[in-house]
Amino acid sequence: MRFLPPSPAADAADAQFSREILEQHVSEGVLVARSALRLAVKNGVIMSTLRDARPWSTDEVTTLAREAVDSLIAELSATAERLDAEAAAHPVRGRGRRRHDAERELSRLELRARTARGVVQRLRRMRTDDSAIARLVETARDDTLTELTKARLFAEHEFANQSADERRIAMEGVAADLLDLRERLDAMRELGDSGW
């Protein structure tokens with residue numbers, strides 16, 4: 001049996017497959033990054049509200065959101081550099097199975113590094129996109145409201161000491177908050193918000 005080198009068409013198909021795999025990994029990484037950013041901004045707002053007793057400030061939370069994006073960009077850039085260094089130091093030696101395993105590990109390291117750089121590219125675009133930052137701030141506000149409402153409603157044994165009127169007033173506030181959130185969600189759907 002004779003082994004022929006891959007044809008240009010096979011190389012192009014492999015390259016397309018590799019791009020699709022990378023795009024899938026980057027998209028998944030972006031989802032994780034979005035979740036991490038939401039959590040970081042929400043926690044920052046909660047700490048500012050509870051610890052420092054600071055009122056909501058869209059400008060301050062926007063700054064906090066941009067700082068969270070910057071921090072994640074720095075972290076992922078450092079990860080990509082570390083993975084590049086690991087890949088460069090990773091020897092591909094041996095024969096047969098041993099070589100195959102070394103090549104797979106090298107490919108895995110390279111894919112992880114390229115994925116991190118792809119997520120960093122998208123985060124940099126987000127960092128300069130005022131509407132994406134505004135959506136992050138709005139989500140942080142909603143998440144914070146949810147957290148603080150839960151804390152207010154489910155404080156340890158506090159609900160047992162409320163009168164029926166106090167519970168009714170608290171629930172009316174929650175109902176109004178939920179209605180407001182529902183209206184914003186419907187408006188986002190109408191606009192076809194695709195995220196960033």
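I take contact to mean heavy atoms within 4.5 Å. With that in hand, I opened this predicted model.

**Entry 1: one residue.** I picked Val119 and looked up what it touches. Leaving out residues up to four places away in sequence, I found Val26, Gly29, Val30, Ala33 and Leu76.

**Entry 2: the cores.** Next I asked which residues have the most contacts inside the largest nonpolar core. My list holds Val119 again, along with Leu37, Val41, Val69, Leu123, Met126 and Leu136. This core has 23 residues. Helices H1 (8-50), H2 (58-89), H3 (96-128) and H4 (130-153) each give two or more residues to it. Apart from it I noted another core, of five residues, including Leu83, Ala87, Leu106 and Leu109.

Entry 3: I then turned to the second largest pocket, which holds about 220 Å³ of space. I counted 14 lining residues, and the closest to the centre are Gly29, Leu76, Arg112, Thr115 and Ala116. Which helix supplies the largest share of the lining? H1 does, with six residues, while H2 and H3 each supply at least two. By class, I wrote down eight nonpolar, four polar and two charged residues.

**Entry 4: the whole chain.** Stepping back, I saw five helices and zero strands. Of the 196 residues, 25% count as buried. Among contacts between residues at least 6 apart in sequence, 74% join residues at least 24 apart. The accessible surface comes to about 13,600 Å², and 55% of it belongs to carbon and sulfur atoms.

Notes: Residues are numbered from 1 along each chain as its sequence is written. This is a predicted model: local features need pLDDT of at least 70, side-chain atom pairs count only at pLDDT 80 or more; totals for chains, interfaces and linings use all residues. Side-chain values use heavy atoms; hydrogens and water are left out. A nonpolar core is a set of buried Ala, Val, Leu, Ile, Met, Phe, Trp, Tyr and Cys residues joined through side-chain atoms within 4.5 Å. Buried means under 20% relative accessible area, exposed over 50%, partly exposed in between (1.4 Å probe, protein chains only). Helices (H or I, at least four residues) and strands (E, at least two) are DSSP runs, numbered from the N terminus. On a 1 Å grid over the protein atoms alone, a cavity is a set of points where a 1.4 Å probe fits but cannot get out, and a pocket is an open set with protein on both sides within 12 Å along at least five of seven lines; lining residues have an atom within 4 Å of a point. Grid points are joined across faces, edges and corners, and a volume is the space filled by probe spheres set on the points. Ala, Val, Leu, Ile, Met, Phe, Trp, Tyr, Cys and Pro count as nonpolar, Asp, Glu, Lys and Arg as charged, and the others, Gly among them, as polar. Accessible areas come from the Shrake-Rupley method with a 1.4 Å probe; for residues, only the protein chains shown count as cover.
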